[in-house]
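Here are a few notes to read alongside the model.

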Amino acid sequence: MRKIDFHCDVISKLLKDNSLDFHKEQFASRLDVTLQSLLDANYMIQVFAVYIPSDHPKDLVTIMKSIEIFYERVANHPNMIVVDSAIDVERCKATNKVGAILSLEGVDGLQGHLFLTSLMHRLGVRFAGLTWNGANWAADGILEDNGAGLSSLGKDFVHRCNEQGITIDVSHLSEKSFWDVYKASQKPIIASHSNAKAVCDHPRNLTDEQIRAIVRCEGLIGLTYVPWFVTEGRMATMHDLLKHINHMLALGAEDQLMLGSDFDGIDSYIEGLKSPRDVNQLENLLLQYYDREFVEKLMWRNAYQFLIRNLNSKR
């Protein structure tokens, strides 16, 4: 079965360590995601986040350096396709190559310069999370205490993204920011890597009301493997993911669920789920509890159809 994953942090690791090589399997002990692991697990598309770690300046230079890493150290391989538009998505489906899409996990480095939105699109960015847990010029994150939402510039940025064809990612946003984005956006929104708060009461997970809102706007929710987003107080297992799936299905999210692993953004794992290859075991588990049509929706079809509808190569 093909697979599409909407969130990994390989670029961040490559930014911090120039010796790592995404294309060589000998680095699999230090990278959760490698090209070979994606090929072995039959991945159609992987979204690569530009996340700036705390020991790097959150500025435009670091964003550009991360994008350069994407093109020169990730996507620069004959077995990969840079996904720019729906046409490229169809190419990925028709081949055994892996599609690669860029996302921004936090727009701090754009420093409120809205003209950079079109530049980001030209450089291949197709998804943008406004912040990472904290507050910046655009929005409050989920771990801020003041409960604020989008700034006026943040709302303008959402509108610019709608115009350019960049989908807003609401993972990491405060609840007020989430609802501000939901009201401001004229296009579907996604939560690239968030589970159900009713199942595991972590701030980064989605409330029932948020899940229903994403269903209404025909967005996507990425089932994530971050252990502390899956269960509380004990080691998480793949069976624990089923509780999140069942809860979101009960809220009508059958056509919204997808994969959002957060591989390479975590240093502890769900038991037996440490790399893309292990997602084959998750697939086998799901087939024991759900029909094949739904498992295909979760593994790739929902994400594929969203990309076909929403990606464009506007310049």
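**Notes on the model**

1. Asp264 is worth a look to begin with: at a relative accessible area of 6% this residue is buried (under 20% relative accessible area is buried, over 50% exposed and anything in between partly exposed, with a 1.4 Å probe and protein chains only). Asp264 sits in the loop between strand E9 (257–259) and helix H11 (279–289), and has a positive phi of about 70° although it is not a glycine. Helices (H or I, at least four residues) and strands (E, at least two) are DSSP runs, numbered from the N terminus.

2. A word on the basis of these notes: the model is predicted, so local features need pLDDT of at least 70 and side-chain atom pairs count only at pLDDT 80 or more, while totals for chains, interfaces and linings use all residues. Residues are numbered from 1 along each chain as its sequence is written, and side-chain values use heavy atoms, with hydrogens and water left out.

3. His172 is another non-glycine residue with a positive phi, here about 85°. Its place is the loop between strand E6 (167–169) and helix H7 (175–184). His172 is buried too, with a relative accessible area of 7%.

4. Next, the aromatic rings. Searching the whole structure gives twelve aromatic pairs, where rings of Phe, Tyr and Trp (its six-membered ring) pair if their centres lie within 6.5 Å, and planes under 30 degrees apart count as stacked, over 60 as edge-to-face and the rest as tilted. Tyr51 and Trp132 form a tilted pair, because their planes are at 45°, with the ring centres 5.2 Å apart. This pair links distant parts of the chain, 81 residues apart: Tyr51 is in the loop between strand E2 (43–50) and helix H3 (60–74), and Trp132 in the loop between strand E5 (125–129) and helix H6 (152–164). Tyr51 counts as buried at 16% relative accessibility, whereas Trp132 counts as partly exposed at 37%.

5. Trp137 and Phe157 make an edge-to-face pair, with 5.8 Å from centre to centre and 85° between the planes. Trp137 lies in the loop between E5 and H6 and Phe157 in helix H6, so the pair ties together parts that are 20 residues apart in sequence.

6. What does Phe157 touch, not counting residues up to four places away in sequence? The list is Val107, Leu110, Leu114, Thr117, Ala128, Leu130, Trp137 and Ile168, with contact meaning heavy atoms within 4.5 Å. For a sense of scale, Phe157 and Leu20 are 34 Å apart in space, C-alpha to C-alpha, and 137 residues apart in sequence.

7. Elsewhere, ring pairs join Phe22, Phe48, Phe70 and Tyr71 into a cluster.

8. Finally, a helix pair. H11 and helix H12 (residues 292–310) pack with their axes 9 Å apart and at an angle of about 150°; axes are lines fitted to C-alpha atoms, for helices over the stretch in contact, and angles run from 0 to 180 degrees between N-to-C directions. H11 and H12 are therefore roughly antiparallel (under 35 degrees is roughly parallel, over 145 roughly antiparallel, 65 to 115 roughly perpendicular and the rest oblique). On the H11 side, Val279, Leu282, Glu283, Leu286 and Leu287 meet Arg292, Val295, Leu298 and Met299 in H12.
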